[in-house]
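Visitor: I would like to learn how to read a protein structure, one feature at a time. Could you walk me through this one?

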Amino acid sequence: MTTPTPPPPPDGYGAMPPAPNLQPATQQPVRPPNENSFGAGGPPPPPAPRSHNPWPIIIGLGAIAGVLIIGVIITAGIVVLSGEDDPTAGPGPLTVTPTPSTSPDPSATDPAAGGLAAELFEGDWKFKLGDVSMNATYGASQDYPDCGPIASAALDRKGCRYAAMGIHDAEGGKVRMLRIVYVFDSEAEATAAAKSVKETDFDLPTGSLIEDDVIGKWVAKDSSKAVVVGFVTAQKGVSEKRVDDYLHYGTADIAGALIFMDL
């Protein structure tokens with residue numbers, strides 16, 4: 001009986017692996033793409049993380065703030081001393097502290113008769129703006145050291161200090177224009193008064209309104225520390241539009257002039 005010959009083993013099966021190369025191989029440094037070379041020894045190891053202590057910075061900032069505060073206090077003390085005790089020091093910043101004993105008398109500083117009224121109202125009034133042209137003849141003007149004679153107690157309580165008025169006639173004597181300036185202590189008081197003023201707040205002088213009028217209108221505008229109130233009355237034969245022109249342009253003209261005046 002013939003014994004069958006077994007098939008040869010698969011390639012590599014039972015074969016000895018090649019002998020390992022025992023000579024040391026030269027290792028090439030492996031660098032990630034786009035990284036610059038650090039030399040033959042490879043990149044240096046990254047520094048070990050260090051803990052951050054914020055207290056030196058906080059203490060330093062606190063010390064700086066303390067020095068600044070001390071400097072401000074010292075500077076303020078020098079300013080006060082130089083302004084009060086040093087006779088050779090120049091004038092320092094003005095500080096206003098209102099007290100009853102040092103408040104000035106309003107009648108001593110407000111314009112006397114012939115002041116504000118003369119500057120605003122004396123002389124004929126001539127106005128032209130585009131197609132609008134108006135002329136009025138001077139009638140009268142007056143200053144009031146306080147507002148009592150020409151305003152109600154309600155307007156006086158709103159802070160009115162003094163007043164001035166002027167009267168002009170136009171359209172052949174058929175139109176009369178009365179303008180009154182009420183001066184207050186502040187712009188805020190003047191603005192509030194202009195918004196809340198009523199016809200009953202005015203005590204108009206005798207003869208300031210035209211006789212036999214058929215149209216009568218008034219308006220109030222605030223300007224700087226003042227309220228300008230305009231009254232226009234007209235007799236028969238004058239259109240309402242013409243009355244409106246005298247009222248609005250005449251009042252606005254005085255309000256514009258007050259912007260450039262020291263009240």
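Guide: Strands β4 and β6 (residues 226-234) pair in the antiparallel sense over 9 bridges. Strands are DSSP runs of E with at least two residues, helices are runs of H or I with at least four, and both are numbered from the N terminus. Two strands pair if DSSP finds at least two bridges between them. In this pairing, Val183 stands opposite Ala226 in β6. Please keep in mind that this is a predicted model, where local features need pLDDT of at least 70 and side-chain atom pairs count only at pLDDT 80 or more, while totals for chains, interfaces and linings use all residues. Residues are numbered from 1 along each chain as its sequence is written, and side-chain values use heavy atoms, with hydrogens and water left out.

Visitor: Which strand do the 10 bridges join to β4?

Guide: That is β3 (residues 160-170), and β3 and β4 run antiparallel. Here Gly166 stands opposite Arg179 in β4. The hairpin of β3 and β4 has 4 residues between the strands, and Glu171 takes a positive phi near 55° there.

Visitor: Why is strand β4 described as largely enclosed?

Guide: Look at accessible area: buried means under 20% relative accessible area, exposed over 50%, and partly exposed in between (1.4 Å probe, protein chains only). In β4 (residues 175-184), 9 of the 10 residues are buried, so the strand is largely enclosed by the rest of the structure.

Visitor: How do I read aromatic pairs, and how many does a search of the whole structure find?

Guide: Rings of Phe, Tyr and Trp (its six-membered ring) pair if their centres lie within 6.5 Å; planes under 30 degrees apart count as stacked, over 60 as edge-to-face and the rest as tilted. The search finds 7 aromatic pairs. In one of them, the rings of Trp125 and Phe127 have centres 5.5 Å apart and planes at 15°, so this pair is stacked. Trp125 is buried at 7% relative accessible area, and Phe127 is buried at 14%. Another pair, Phe202 and Trp218, is edge-to-face, with 5.3 Å centre to centre and 75° between the planes. This pair links distant parts of the chain, 16 residues apart: Phe202 is in the loop between α5 (187-196) and β5 (215-223), and Trp218 is in strand β5. Phe202 counts as buried at 10% relative accessibility, whereas Trp218 counts as partly exposed at 28%.

Visitor: Which residues form one aromatic cluster with Trp125?

Guide: The cluster is made of Trp125, Phe127, Tyr246 and Tyr249. Trp125 also has a charge over its ring: the charged end of Arg179 sits there, 5.2 Å from the ring centre. The rule asks for NZ of Lys or CZ of Arg within 6 Å of the ring centre and within 35 degrees of the ring normal.

Visitor: And what is a disulfide?

Guide: A disulfide is a covalent bond between the sulfur atoms of two cysteines. The rule used here is a pair of cysteine sulfur atoms within 2.5 Å, and the count comes to 1 disulfide. This disulfide joins Cys147 to Cys160, with S to S at 1.9 Å. Cys147 lies in the loop between β2 (132-144) and α4 (153-157) and Cys160 in strand β3, so the pair ties together parts that are 13 residues apart in sequence. Cys147 is buried, at 0% relative accessible area, and Cys160 is buried too, at 7%.
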